[in-house]
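Please look at the sequence and the structure before reading on.

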Amino acid sequence: MAYINGNYLKLQAGYLFPEIGRRVNEFSQTNPDAAARLIRCGIGDVTEPLPPACIEAFHEAIDEMANRETFKGYGPELGYDFLREAIAENDFSSRGINVDANEIFVSDGAKCDTANILDILGHQNRIAITDPVYPVYLDTNVMAGHTGEANDSGQYEGIIYLPCTAENNFVPAFPGTKADVIYLCYPNNPTGATATKEQLANWVSYAKENDSIILYDAAYEAFIQDAEVPRSIYEIDGARECAIEFRSFSKNAGFTGTRCAFTVIPKELSANDAEGNEHGLHGLWARRMATKFNGTSYPIQKAATAVYCNEGKAQVAGLVSHYMGNAKILREAATASGLEVYGGTNAPYIWIKTPNSTPSWDIFDKVLNEASVVITPGAGFGAAGEGYFRISAFNSRSNAEEVAQRLSEINW
Ligand code: MLT
């Protein structure tokens, strides 16, 4: 008799985005006319092609793979130095942030990294997760057996929930009980909120006082428009001793289908074994990557490196301003419709309060049926997401304008 991982049975319904996809397919089959005008603002998936500098580097790398002299087999599991050095220089050193190239681990996605990081963390950790939250953090903890069952509102026993509400500007207060591992994501998915330097500094102090680790997801940092908003947790003194940072090329450079990301683990960062002996996490993650991963492909790492050449930087800035232009259009349309609107100024997500406390899946159905627009119901991000919905600004300009028009026609 073989056994399954019974923790999977605790998971609720399907993963959020496939579940939305399932409902949209059902709608499309029963309403083919409405489906023909469908616009997707649900999952935050980019629509614009890769920057030309990346495409050029990608092609050149493919050509290298076609020649015996330049062909590459297995690459370094932790990433090619050319990419790690370009990241260290451009994302960190040039901004006065201390991160060394060999503290950067190149991977095929921040989603995978935020999930896989649990491999090197103990099962006895008390896990704190913001609510609402990017569902991967929670679901992977359920899968790893770090929780009990979910209650009626979908909250799992054993998780410390950190409510993010309009009242706290979607930056949580410290938990009442001590948390060992804390997931933070800024600019935030799904609320589009940002954390100030002071707020992050407070979390770093909390983590240092409690010997906790912050798992900091900065996948959306490129969308920050306000120079005062921190782009990396390592802008905060002391963060190197208590934080891991996750970054991605998915949203800034359009790599959602190409897959490239990286995780930073500073050499100073450590945690204890069950006997109380301290161990560096950098070495453990390197061991994990070398064992379970053979590296992101050479052409993709070449394409990602092109993000940092002058043309690449200008093209990425163009993509960011395109999506943030969409965010402005959508924000203004929602506000003009009398809705209570958050986010969308330093992040590509607009977080909107459902009118009259309508349940968010009902709003999902309403917007789908009345406007043929797919949004994401807040409840899919956690109990505290109920009463909100999210609109993604990742779209063509014409689609964003059309969605703005349709939002204004809905009888909210
Ligand atoms: C989202 O829509 O929340 C994101 O696209 C999901 C992801 O990046 O995996």
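N169 sits in the loop between β4 (160-163) and β5. The model is a predicted one. N169 is not a glycine, yet its phi is positive, at about 55 degrees. N169 is also exposed, with a relative accessible area of 52%, where the cut-off for exposed is over 50%.

D211 is another residue other than glycine with a positive phi, near 55 degrees. D211 belongs to the loop between α7 and β6 (213-217). With a relative accessible area of 67%, D211 is exposed.

Two peptide bonds in loops are cis. The bond joining D131 and P132 has an omega of about 5 degrees, and P132 is found in the loop between β3 (127-131) and α6 (135-143). The bond from N189 to P190 is cis as well, with omega near 20 degrees. P190 lies in the loop between β5 (181-185) and α7 (197-210).

| Residue or bond | Feature | Angle |
|---|---|---|
| D211 | positive phi | near 55 degrees |
| D131 to P132 | cis peptide bond, omega | about 5 degrees |
| N189 to P190 | cis peptide bond, omega | near 20 degrees |

**The chain as a whole**

The protein chain contains 12 helices and 15 strands. Its radius of gyration is 21 Å, close to the 22 Å that the globule rule gives for 412 residues, so the chain is as compact as a globular protein of that length. Along the principal axes, the C-alpha atoms fill a box of roughly 60 × 55 × 55 Å. Of the 412 residues, 54% are buried. The accessible surface is about 17,700 Å², and carbon and sulfur atoms account for 48% of that surface.

How much of the contact in the chain joins residues 24 or more positions apart? Among contacts with a separation of 6 or more, such pairs make up 72%.

**Two domains**

The chain is divided into domain 1 (13-49 + 311-409) and domain 2 (54-309). Taken over C-alpha atoms, the domain centres are 25 Å apart. Across the boundary, 31 residues of domain 1 are in contact with 37 residues of domain 2. About 2,700 Å² is buried between the two domains, with 62% of this area coming from carbon and sulfur atoms. On the domain 1 side, Y15, N346 and F381 lose the most area to domain 2, together 24% of what that side buries.

**Nonpolar cores**

The largest nonpolar core has 100 residues, and those with the most contacts inside it are I214, Y234, F249, F255 and I391. Helix α10 (residues 310-336) gives the most to this core, with eight residues. Domain 1 and domain 2 each supply at least three residues to this core. Apart from it lies another core, of 32 residues, which includes Y161, C185, L215 and I244.

Which residues does Y234 touch, not counting residues up to four places away in sequence? They are F92, I97, V99, A239, R240, A243, I244, E245, V264 and P266.

The buried residues are Y298, P299, I300, Q301, A303, A304 and T305. Their cover includes α3 (52-65), α4 (81-92) and β2 (104-107).

Leaving aside neighbours within four places in sequence, T305 is in contact with F82, L83 and A86.

I20 lies in helix α1 (residues 16-30) and is buried, with a relative accessible area of 5%. Beyond four places in sequence, I20 is in contact with W361, F364, V374, I375, T376 and P377.

The segment before α1 holds N5. At 36% relative accessibility, N5 counts as partly exposed. The C-alpha atoms of N5 and D119 are separated by 15 Å, and these residues are 114 residues apart along the chain.

Definitions and conventions. Residues numbered from 1 in each chain as written. Predicted model: local features only at pLDDT ≥ 70, side-chain atom pairs only at ≥ 80, totals over all residues. Heavy atoms only, no water. Core = buried A, V, L, I, M, F, W, Y, C linked by side-chain atoms within 4.5 Å. Buried < 20%, exposed > 50% of the residue type's maximum accessible area, 1.4 Å probe, protein only. Helix = DSSP H or I, 4+ residues; strand = E, 2+ residues; numbered from the N terminus. Domains from an automatic or database assignment. Contact = heavy atoms within 4.5 Å. Rg over C-alpha atoms; globule rule 2.2 N^0.38 Å. Areas by Shrake-Rupley, 256 points an atom, 1.4 Å probe, with all protein chains shown as cover. Buried area = accessible area lost by both parts, 1.4 Å probe.
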